[in-house]
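Subject: The structure for you to look at

Hi,

Here is the structure I said I would pass on. Have it open while you read, and my notes on what turned up follow below.

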Amino acid sequence: MPSQLAIRLPDDLLRDLDWIVVRLKYDSRTEAMRDALVRLVDQERRRDIGEQIAEGYRRMPQTEEEIDGGDQAFLDSVNDEPWDKWW
């Protein structure tokens, strides 16, 4: 069941919210705020996942062999591309 929140916003921020509602064609302030929160949560989750990945690489860095293998896989994919079709 959804919960209801009551918040206070300064007048200038409320004007900005109204501008966003009009500019992005939201049906209401509530819809705009809900979308903003969804985007904020998604952004933070992605950042958290990125930090976890980076920490994993700090704990167990790639070996030279793994790096070379990735480089070779990239070169192979470029060489396999039918470049003559693009020009």
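This is a predicted model: local features need pLDDT of at least 70, side-chain atom pairs count only at pLDDT 80 or more; totals for chains, interfaces and linings use all residues.

The axes of α1 and α2 cross at roughly 95° and come within 9 Å of each other. An angle of 65 to 115 degrees counts as roughly perpendicular, so that is how α1 and α2 sit relative to each other. In case you wonder about those two values, packed helices are described by the angle between their axes and the distance between the axes.

Which residues make the contact? From α1 they are L14, L17, D18 and V21, and from α2 they are R29, A32 and M33. Sorted by type, the contact has 5 nonpolar residues, 2 charged ones and no polar ones.

Next, the largest pocket, with a volume of about 640 Å³. It is lined by 21 residues, and I7, R29, T30, M33 and R34 are the closest to its centre. The elements giving two or more residues to this lining are α1 (11-23) and α2 (29-59). The biggest share comes from α2, with 8 residues. By type, the lining has 14 nonpolar, 4 charged and 3 polar residues.

Finally, find K25 in the loop between α1 and α2. Is K25 buried or exposed? Its relative accessible area is 71%, and exposed means over 50%, so K25 is exposed.

Cheers

Conventions. Residues are numbered from 1 along each chain as its sequence is written. Side-chain values use heavy atoms; hydrogens and water are left out. On a 1 Å grid over the protein atoms alone, a cavity is a set of points where a 1.4 Å probe fits but cannot get out, and a pocket is an open set with protein on both sides within 12 Å along at least five of seven lines; lining residues have an atom within 4 Å of a point. Grid points are joined across faces, edges and corners, and a volume is the space filled by probe spheres set on the points. Helices (H or I, at least four residues) and strands (E, at least two) are DSSP runs, numbered from the N terminus. Ala, Val, Leu, Ile, Met, Phe, Trp, Tyr, Cys and Pro count as nonpolar, Asp, Glu, Lys and Arg as charged, and the others, Gly among them, as polar. Buried means under 20% relative accessible area, exposed over 50%, partly exposed in between (1.4 Å probe, protein chains only). Axes are lines fitted to C-alpha atoms, for helices over the stretch in contact, and angles run from 0 to 180 degrees between N-to-C directions. Angles under 35 degrees count as roughly parallel, over 145 as roughly antiparallel, 65 to 115 as roughly perpendicular and the rest as oblique. Contact means heavy atoms within 4.5 Å.
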